[in-house]
Amino acid sequence: MLPVLLISVDNTVLSFALPAISEALAPSGQQLLWVVDIYSLVLAGLLVPMGSLGDRFGRRRLLLVGSAGFAVVSALAALSPDAGTLIAARALMGLFGAVLMPATLSLIRNLFADPTQRRTAIAIWAAAFSGGAALGPVVGGLLLEHFAWGAVFLLAVPVMLPLLILGPALIPESRDPAPGPVDPLSVLLVLGAMTPLVFAIKTLAASGPSLPVVACLAVAVAAGVAFVRRQLSRPSPMLDVSLFTRPVFTGAVLANLLSVFSLVGFLYYISQHLQLVSGRSPMDAGLVLVPGLLVTIVAGLLVVRIVRRVPVHVVITCGLALNAVAFTLVALTGTWGSDLVLLGAFCLLGAGIGAAETLSNDLILAAVPPTKAGAASAISETAYETGAVLGTAVLGSLLNAAYGHHIALPAGLTGTQREAASETLGGATAVARDLPEHIAGPLLESARTAFDSGVVLTSTIGAVLMVIAAVLAHRTLRPRV
């Protein structure tokens, strides 16, 4: 759980360090974007190949290699003298993150043969992921209040050390006793499918449709089709794509993806509202999220007992329906809701995600024999990563577009100030710091109103998507007679 928690914290803590990184390294806007994006681009492309390699060479071995590499590269990132070095370090962090992430879940599949124990272990695994995402702002706020920006990367060293010291003695090795041959072309095809897809989604969210976006999507589709055909034609495929012909497996992957989509999309809004509308510090904003984190953990553990009496497909459907209720609550109160309302909505969301994430991951792992757990884990975590990218891209871009449409800029702003203030609430807040009060006041009031009115649109869309997800889960996951 140590690397799971660390990587999850790392995904959200970086956003709080970006202002300090900008000040220290003076990156261009494009370089700053790559500091954030390069990690997920490398990670998404390598999860499936690394999961397959774990089945072949040993999951514990890859967990320890990946954890050691992640710790070393994180330390190098903390000492980066310029933006180019930091981008390279982040790319290597994505590589080692892909090495260790599938190993965590596939080891659980092999350690716990009993279904109840396995579900409990997966609930703890899911709690580490969602808990790390919520703890990121708290950890980031605490570190950045007392240390330089590099502290958010140096955090990896003390977290990984206990694993590297105790892991060889406490974690048993497991692997596929009859692995197929390594297939470099399949690895390249996965990279050619996932990396351009994630890049296209991120670019589309940031700057809208363009020729590069269309080209990346075309490459992703072509590589994906070629990958599927190659796997179907090989006697020992790197990934058994026939699993997706099983409705339960496909439904579980979709439930996994959409649960993470709802969590990341919700966090994108609530973290900005708490800091830029309510005026809380990063650390205070993170602390507001802690009750929702606790609900997520409790819900994930409770469903292990609940599914002894209630069918799994009913519990997952109800979990996704709770996500829809959370978005509906925000949509109905978006222009006047208090932090207490947001806290209540986040707790509902946490309950839904805790249930759906735990059971969907369990269904994915249970669909394959333990010897193939690495590849199945990689599918689960690819769905997680894709859901995270889509959550920010879809709901985040819609929120920004609605914000830009509703904001009313006061007179007296320069062209540069108008452009920055009309793009994001953070931009308007930064512009307002350098303005006299009689201009800054109306600008901030308009920006905050525009931001919260945009939330009504995005939360409504989020609620509709979660209702659709609940219907899909109910139809695909119910037992076939």
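**Salt bridges, aromatic pairs and helix faces**

In the predicted model, arginine 280 has a relative accessibility of 33% and therefore counts as partly exposed. Its side chain takes part in a salt bridge with aspartate 339, in which the closest N and O atoms are 2.9 Å apart. This pair links distant parts of the chain, since aspartate 339 belongs to helix H14 and arginine 280 to the loop between H10 and helix H11 (282-288), with 59 residues separating the two. Aspartate 339 has a relative accessible area of 16% and is therefore buried, the limit for that class being under 20%.

The contact forms part of a network of salt bridges in which Arg118, Arg119 and Asp362 are linked.

A further salt bridge is formed by the side chains of arginine 234 and aspartate 183, with an N to O distance of 3.4 Å. Arginine 234 is situated in the loop between helix H9 (211-233) and H10, and aspartate 183 in the loop between H7 and helix H8 (184-207), so that the pair ties together parts 51 residues apart in sequence. With a relative accessible area of 22%, arginine 234 is partly exposed, whereas aspartate 183, at 7% relative accessibility, counts as buried.

Aromatic contacts were examined next. The count of aromatic pairs comes to five. In one of these, the rings of phenylalanine 244 and phenylalanine 249 have centres 5.2 Å apart and planes at 85 degrees, so the arrangement is edge-to-face; that class requires an angle over 60 degrees. The two residues of this pair fall into separate accessibility classes: phenylalanine 244, at 37% relative accessibility, counts as partly exposed, while phenylalanine 249, at 1%, counts as buried.

An edge-to-face arrangement is also found for phenylalanine 266 and phenylalanine 327, because their ring planes stand at 70 degrees, with the centres 5.7 Å apart. This pair links distant parts of the chain, phenylalanine 266 being in helix H10 (residues 247-277) and phenylalanine 327 in helix H13 (residues 312-333), 61 residues apart. Both phenylalanine 266 and phenylalanine 327 are buried. Together with Phe346, these residues form one aromatic cluster.

Helix H12 (residues 290-306) comprises 17 residues and reaches 24 Å from its first C-alpha to its last, close to the 24 Å expected at 1.5 Å a residue. Its buried residues are Gly292, Leu293, Thr296, Ala299, Gly300, Val303 and Val304. Viewed down the axis of H12, these buried residues fall within an arc of 145 degrees and so line one face of the helix.

Nonpolar side chains also occur on the surface. Leu154, Val157, Leu161, Ile165, Leu166 and Leu170 form a nonpolar patch there, with about 560 Å² of accessible area together. The largest share of this patch, five residues, is contributed by helix H7 (residues 156-170). Isoleucine 165, one of the patch residues, is found in helix H7. Its relative accessible area is 61%, so isoleucine 165 is exposed, the limit for that class being over 50%.

Valine 464 lies in helix H18 (residues 437-477). At 47% relative accessibility, valine 464 counts as partly exposed. In sequence, valine 464 and proline 209 are 255 residues apart, and in space their C-alpha atoms are 24 Å apart.

Methods: Residues numbered from 1 in each chain as written. Predicted model: local features only at pLDDT ≥ 70, side-chain atom pairs only at ≥ 80, totals over all residues. Heavy atoms only, no water. Helix = DSSP H or I, 4+ residues; strand = E, 2+ residues; numbered from the N terminus. Expected span 1.5 Å × (residues − 1). Buried < 20%, exposed > 50% of the residue type's maximum accessible area, 1.4 Å probe, protein only. Arc of directions from axis to C-beta. Phe/Tyr/Trp six-rings, centres within 6.5 Å; stacked < 30°, edge-to-face > 60°. Patch = residues over 30% accessible without salt bridge, like charges linked within 9 Å, V, L, I, M, F, W, Y side chains within 5 Å. Areas by Shrake-Rupley, 256 points an atom, 1.4 Å probe, with all protein chains shown as cover. Salt bridge = Lys/Arg side-chain N within 4 Å of Asp/Glu carboxyl O.
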